[in-house]
Amino acid sequence: MRILIVGGGYVGLYTALRLQRKLKPELGRGEVEIVVVSPDPYMTYQPFLPEAAAGSISPRHVVVPLRRVLADCRIVVGEVQTIDHSKRTVTLTTLATEETGGTEQLSYDELVLAPGSVSRTLPVPGLAEHGIGFKNVEEAIGLRNHVLEQLDIASSTRDPAIRDAALTFVFVGGGYAGVEALAELEDMARYASRYYHNVRREDMKWILVEATGRILPEVGEEMGRYTVTELRRRNIDVRLDTRLESCVDRIAVLSDGSRFPTRTVVWTAGVKPHPVLAATDLPLNARGRLRCTPYLTVDGVDHAWGAGDAAAVPDVSTDEPGKETAPNAQHAVRQAKTLGDNLARSLRGQPLQQYSHAYAGSVASLGLHKGVAHVYGRKLKGWPAWFMHRTYHLSRVPTFNRKARVLAEWTLAGLFKREIVSLGSLEHPRAEFELAAGGKPPQNPPGNPKGSS
């Protein structure tokens with residue numbers, strides 16, 4: 001019997017871990033095979049992306065290698081293109097099939113569909129050409145390099161227009177990703193400015209654009225208002241009920257009429273279900289998420305399971321009719337454990353259990369020693385909230401190996417100065433060799449020798 005898990009994120013990793021433990025006898029006898037298909041050979045712990053961007057954590061410690069953790073599973077690095085559940089087959093592309101331009105088919109007996117989500121963009125003119133995402137570790141490190149390069153550009157020019165655009169940073173989206181990324185990077189850039197003789201922290205403009213009337217809704221209205229006050233106290237321009245209308249020619253035009261020449265537009269305005277869901281014969285809801293039951297089975301379909309961002313799971317912990325669990329990491333990790341247990345019970349003919357978990361609360365970092373939290377009805381801010389943020393996520397990052405490495409990095413960061421080195425040339429590692437060998441250097445945007453966004 002083959003169990004196919006599509007996705008190597010929170011749900012994919014934790015479900016496979018659970019199945020490894022629950023089905024250990026069957027795996028040992030060769031009766032069950034667990035296959036995990038993921039576009040990357042690692043799981044990214046996304047709450048650590050802002051700290052990785054700020055240099056507080058090494059990028060390699062933000063990811064968990066699937067092959068090391070899932071020793072009893074078969075890992076396939078590839079992208080699922082279509083799923084035909086009626087025939088129990090998926091069509092996928094791998095690194096090998098890309099060489100030939102073909103596809104590969106894989107059959108299964110049980111399907112766990114957990115591809116997660118992708119960035120939700122809007123048809124904003126210029127966004128595709130100039131926007132920067134913040135969804136994976138590559139984007140986080142690229143953004144760090146980009147911000148430090150802007151300081152280099154501003155420091156090396158006397159042109160006020162170029163300097164002003166380089167030192168203007170626009171973040172779109174007032175959720176976790178946008179607020180934490182902006183706060184951490186502003187903290188880092190403010191610290192880095194002391195090493196530039198002609199760049200002061202007052203020269204930089206940091207702008208947060210949010211289409212609704214509040215930010216960080218997960219931590220509650222009061223803590224959201226405190227966050228706005230804290231950011232504005234740091235001279236960060238927070239604009240609520242405002243949208244990005246255009247960023248053509250590197251000019252951010254807002255719905256309130258403001259115009260900001262800028263080389264940095266970071267888009268964190270929400271996510272949407274992975275597009276592979278639309279290429280299946282499984283039932284979806286109006287928002288394109290997989291329609292599931294409280295048992296984490298796909299509604300009305302046998303041998304198919306779902307959880308996480310891609311699944312619409314009824315929230316049985318509340319009496320509110322039609323309410324679904326929020327698509328966040330807290331639910332994804334807990335759903336994965338229930339899903340793994342239920343799948344093992346199903347194979348053994350045992351009754352299934354419903355997924356029920358009351359939302360415990362939220363924590364958010366606002367830079368070094370600053371944060372907000374709303375946990376089990378208690379509201380914290382400042383250093384206590386920041387400490388809770390780190391403690392919580394340290395306890396949740398998978399494997400003892402990663403916990404120890406992250407804790408060691410935090411300890412060393414408290415003893416020594418920040419690293420403020422930009423490694424933007426990593427984006428084109430062969431450029432210098434190609435030039436030396438007589439080839440042409442890669443085509444970069446005008447005035448951007450290192451090729452950052």
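1. Let me start with strand S6 (residues 89-94): six of its six residues are buried, so the strand is largely enclosed by the rest of the structure. Bear in mind throughout that this is a predicted model. The burial of S6 holds on both faces, with Thr89, Thr91 and Thr93 covered on one side and Val90, Leu92 and Thr94 on the other.

2. What does S6 pair with? On one hand there is strand S5 (residues 74-84), antiparallel to S6 over six bridges. Glutamate 79 sits opposite threonine 93 of S6 in this pairing. S6 is also joined to strand S7 (residues 104-107) by four bridges, again running antiparallel, and here threonine 89 faces serine 107 of S7. The hairpin of S5 and S6 has four residues between the strands, and arginine 88 in that hairpin takes a positive phi near 60°.

3. Two further spots deserve a look for their backbone angles. Arginine 250, although not a glycine, has a positive phi of about 60°, and you'll find it in the loop between S14 and S15. Histidine 369 is not a glycine either, yet its phi is positive at about 70°. That histidine 369 belongs to the loop between strand S22 (361-365) and strand S23 (371-375). Is histidine 369 buried or partly exposed? Histidine 369 is partly exposed, with a relative accessible area of 41%.

4. Isoleucine 251 stands opposite proline 261 in S16.

5. Next, the parallel sheet. Five strands form an open sheet with the order S10-S17-S11-S12-S13, and the pairing is parallel. Its edge strands are strand S10 (131-132) and strand S13 (236-239), each of which pairs on one side only. Inside the sheet, strand S11 (residues 168-172) and strand S12 (residues 205-209) run parallel and share five bridges, with valine 170 opposite isoleucine 207 in S12.

6. Which helices lie across strands of that sheet? H9 lies across S11, S12 and S13, at about 175° to S12. Helix H10 (residues 221-233) lies across S12 and S13 and runs at about 145° to S13.

7. H9 has a helical partner too. The axes of helix H7 (residues 137-155) and helix H9 (residues 176-192) come within 11 Å and cross at roughly 35°, and the crossing of H7 and H9 is right-handed. On the H7 side the contact involves Leu143, Arg144, Val147, Leu148 and Leu151, which meet Leu185, Met188, Ala189 and Ala192 in H9.

8. Last, a charged residue I'd check by eye. Glutamate 409, found in helix H13 (residues 400-415), is buried but has no salt bridge.

How values were computed. Residues numbered from 1 in each chain as written. Predicted model: local features only at pLDDT ≥ 70, side-chain atom pairs only at ≥ 80, totals over all residues. Heavy atoms only, no water. Helix = DSSP H or I, 4+ residues; strand = E, 2+ residues; numbered from the N terminus. Buried < 20%, exposed > 50% of the residue type's maximum accessible area, 1.4 Å probe, protein only. Lys, Arg positive; Asp, Glu negative; His and termini not counted. Salt bridge = Lys/Arg side-chain N within 4 Å of Asp/Glu carboxyl O. Pairing = 2+ DSSP bridges. Axes fitted to C-alpha atoms, helices over the stretch in contact; angles between N-to-C directions. Left-handed = near helix turned anticlockwise from the far one by under 90°. Contact = heavy atoms within 4.5 Å.
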